[in-house]
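Hi everyone, thanks for coming along. Please have the model open on your screens, and we will walk through it together.

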Amino acid sequence: MTDAASALLQSRAIAFADKIATLLERTLPTAPGMEVTQYGNRFRIQPAGGGSKGGRVPLLVQGEEVAWLQLNYLCRLDTTDRYLAVDSSSIWVIAKVDRTPIFRFEYLYKSDRVPHSHIHVHAQRGALSHLLSKAGHEKPHEMAALHLPTGGARFRPDLEDVIQFLVLDCGFDSVEGWLAAVKSARAEWRVIQTRAVTRAMAAVAAEELRSLGYAVSPPEAGEPEPGQRMQHAW
Amino acid sequence: MTSVHTPTRDQLMQARASALSRVGASEEDLAARAEAGSLLGEEWSVWAELREIDYLLHGDRD
């Protein structure tokens, strides 16, 4: 990779990290800044802080730190050699009392056996263990071993969805104006995904636009084939 | 707002070792417990950190 390409990629990683930092600052109290770690053309983007604090945002209840939101995004140059591609992201909610995750929201760009976007829940339920045992599951007593599907690459939840869940459903402390920040970030995310879905399913998008009264013509080369990953990836 | 780190390969390998020392386990033990679904406490975060560093190194560990 040339120095210019490396500098461009780094600037894109910083811009991405800055957006996350802004969202965290506008939603959660005592949110740290972000840090980008680059090695060659690969990046890790996470909240700043070394050692056991690395990658973690404190979650407070009435000012007391009771949990952490642990984030990281692993990124590289995409196939066009111009943009940042997310190979994986993880958003974990970890209880301080036992330093063990409670929820894990995860995304994998490449995945053969599990949903690209999924949630793990760390809990116990005897009925589930019973069912999984009868089904011959290799880890019948581990609810956290299950991968709950969450919409694939394009319809997956993003950080702002998790933040809203933490504040509204779980009751963690927030900062004033947090919901406006969440809605703004969500709107931006959905535009990005809508564009990507439109590119991958152009003929479908064109048909829908025509039904709304738009004049849409196919390209001279003809309607592009719908993206296989968009249609079928779990 | 965002800080940038560009560690050397040696620094990343040191970070791996530091992560393992936080839980006093060997990588083999941790891998076995991860496979069995029996990680405990901070081992979860350490295991994740090892995989993150391995991603950065991308085959440059050896």
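Two strands count as paired here if DSSP finds at least two bridges between them. Helices (H or I, at least four residues) and strands (E, at least two) are DSSP runs, numbered from the N terminus.

A quick word on the ground rules. This is a predicted model, in which local features need pLDDT of at least 70 and side-chain atom pairs count only at pLDDT 80 or more, while totals for chains, interfaces and linings use all residues. Residues are numbered from 1 along each chain as its sequence is written, chains are lettered from A and ligands numbered from 1 in the order in which they are written, and side-chain values use heavy atoms, with hydrogens and water left out.

On confidence, the predictor gives the complex an ipTM of 0.92 and a pTM of 0.93.

Now to chain A. It has six helices and eight strands, and from the N terminus on its elements run α-β-β-β-β-β-β-β-α-β-α-α-α-α. Along the principal axes, the C-alpha atoms of chain A fill a box of roughly 60 × 50 × 40 Å. Of the 234 residues in chain A, 43% are buried; buried means under 20% relative accessible area, exposed over 50%, and partly exposed in between, with a 1.4 Å probe and protein chains only.

Let's look at the strands. S1(A), residues 34–39, pairs with S2(A) in the antiparallel sense over six bridges. One bridge to find on your screen is that of Glu35(A), whose partner in S2(A) is Gln46(A). The hairpin of these strands has two residues between them, and there Gly40(A) takes a positive phi near 65 degrees.

S2(A) also runs antiparallel to S4(A), residues 64–77, with four bridges joining them. Here Arg42(A) has Arg76(A) as its bridge partner in S4(A).

Trp68(A) is buried, at a relative accessible area of 7%. Contact means heavy atoms within 4.5 Å, and, leaving aside neighbours within four places in sequence, Trp68(A) is in contact with residues including Arg56(A), Pro58(A), Trp92(A), Ile94(A) and Arg99(A). Leu146(A), by comparison, lies 78 residues from Trp68(A) in sequence and 22 Å away in space, C-alpha to C-alpha.

On to the helices. Ser129(A) is in helix H2(A), residues 126–134, and counts as buried at 12% relative accessibility. Beyond four places in sequence, Ser129(A) is in contact with Pro140(A) and His141(A). Further along, helix H4(A), residues 178–200, contains Gln193(A). Is Gln193(A) buried or exposed? Gln193(A) is buried, with a relative accessible area of 6%, and touches Ala153(A) and Arg154(A), not counting residues up to four places away in sequence.

Last stop: helix H5(A), residues 202–211, is the place of Leu209(A). At 33% relative accessibility, Leu209(A) counts as partly exposed. Thanks, everyone, and over to you for discussion.
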